Amino acid sequence: MDQAERKRDQAARAAWLSYVAGLTQDEIARRLNVSRMAAQRLLAFAAQEGMVKVRIDHPIAACMELGERIARRHGLRFCEVVPADPVAPARPNLPALAIAGATWIERLVDTDKPLVIGVGNGRSVRAAVEEMASSPRPQHQVVSVTGNIARDSSYNPFDVVMRLGDRLGAQRFLMPAPLIAESAEDRRVLEEQKPFREIMALAARADAILIGIGQLDDSAPVLQDKVISRDEYETLRRAGAIGEVLGNFLDAKGQVLPSPLRDRVIGLPLDAVARRPAVAIAGGAVKVPAIRAVLARGLLQGLITDETAASALVSLG
């Protein structure tokens with residue numbers, strides 16, 4: 001998406017918030033994280049481009065309405081919805097999700113105030129970081145909120161802590177542990193190490209946490225990347241697991257399943273994540289049950305998703 005397209009999308013968002021949601025220019029500026037003057041210019045541009053009629057004449061308008069409904073229903077600060085992939089609408093629109101995620105991160109870090117940014121793993125999260133332009137922000141700190149090493153001792157290919165740190169020129173704090181330990185005792189030993197405790201303490205005071213949401217089917221990343229075994233996967237499915245977040249396996253109500261894996265997960269506990277401003281990036285039809293479970297748990301303050309997933313979330317309630 002080039003600069004002109006981004007401007008049109010932003011203008012459409014401003015117009016929707018003004019003419020449909022009834023927000024003031026000050027409220028629009030805060031919602032879009034721009035100045036009041038910039039909000040005025042976006043509204044003027046939307047009118048000039050013929051977007052403002054009886055309805056907002058732009059595909060983003062339907063996405064904005066879906067996002068507002070999801071945010072109200074689940075008590076989110078925001079829900080950003082990108083259009084579905086026109087060629088394969090059921091699949092996650094990863095390029096658009098990446099752009100929306102990158103834009104959110106860029107707005108977040110655009111401050112002189114030092115921030116601690118917690119990061120989980122996931123394809124969508126990594127794609128968002130890859131989409132970002134390099135922007136030196138050495139005052140910030142980037143910390144992993146989960147283990148980052150796979151069972152074969154290689155680093156997880158979807159780790160984004162180092163990449164985000166590189167983009168910002170910021171300090172990086174990588175959790176030197178697997179996402180799921182071999183045993184509960186191994187986890188206990190790791191948690192007693194001073195470097196581990198320091199990283200966990202830093203993650204627990206993150207100013208924002210960016211995470212992915214994983215489905216639990218034969219294409220699940222935790223299965224494909226050998227984070228869990230096939231036998232463990234089958235056991236979780238029989239127990240009712242439908243999704244995964246930060247190594248925790250959830251049922252349809254958002255409850256963590258009482259499985260042998262539960263005591264082996266390494267990372268910030270979900271209750272601690274819920275106390276911080278957590279934002280998830282996830283889309284596509286396959287992710288809908290898992291996204292619903294995470295929303296039901298009340299884990300998030302923000303969601304970046306696509307039109308396919310958002311439509312299903314609204315329809316399912």
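**View 1. The second largest pocket of this predicted model.** Its volume is about 540 Å³. (A pocket is an open set of points on a 1 Å grid over the protein atoms alone, where a 1.4 Å probe fits, with protein on both sides within 12 Å along at least five of seven lines; lining residues have an atom within 4 Å of a point. Points are joined across faces, edges and corners, and the volume is the space filled by probe spheres set on them.) Of the 29 lining residues, Gly122, Arg123, Ile213, Pro221 and Lys287 lie nearest the centre. Helix 6 (123–131), strand 6 (214–215) and helix 10 each bring at least two lining residues, with helix 6 giving the largest share, 3 residues. (Helices, H or I of at least four residues, and strands, E of at least two, are DSSP runs numbered from the N terminus.) The lining holds 12 nonpolar, 11 polar and 6 charged residues. (Ala, Val, Leu, Ile, Met, Phe, Trp, Tyr, Cys and Pro count as nonpolar; Asp, Glu, Lys and Arg as charged; the others, Gly among them, as polar.)

**View 2. The largest pocket, between two domains.** Here the volume is about 1400 Å³. Look for Leu32, Glu80, Thr103, Trp104 and Arg107, which lie nearest the centre among 45 lining residues. Two or more of the lining residues come from each of helix 1 (3–19), helix 2 (25–32), helix 4 (60–74), strand 1 (78–82) and helix 5 (94–109). By class, 23 are nonpolar, 7 polar and 15 charged. The pocket lies between domain 1 (3–49) and domain 2 (61–316) because both give residues to its lining. (Domain bounds come from an automatic or database assignment.)

**View 3. Where domain 1 meets domain 2.** Across this boundary, 8 residues of domain 1 are in contact (heavy atoms within 4.5 Å) with 9 residues of domain 2. Together the domains bury about 870 Å², 49% of it on carbon and sulfur atoms. The domain centres, taken over C-alpha atoms, are 29 Å apart.

View 4. Helix 10 (residues 221–224) is lowest, at a mean of 85, while strand 9 (residues 278–281) is highest, at 98.

Residues are numbered from 1 along each chain as its sequence is written, and side-chain values use heavy atoms, leaving out hydrogens and water. In this predicted model, local features need pLDDT of at least 70 and side-chain atom pairs count only at pLDDT 80 or more, whereas totals for chains, interfaces and linings use all residues.

Methods. pLDDT = per-residue confidence, 0-100. Buried area = accessible area lost by both parts, 1.4 Å probe.
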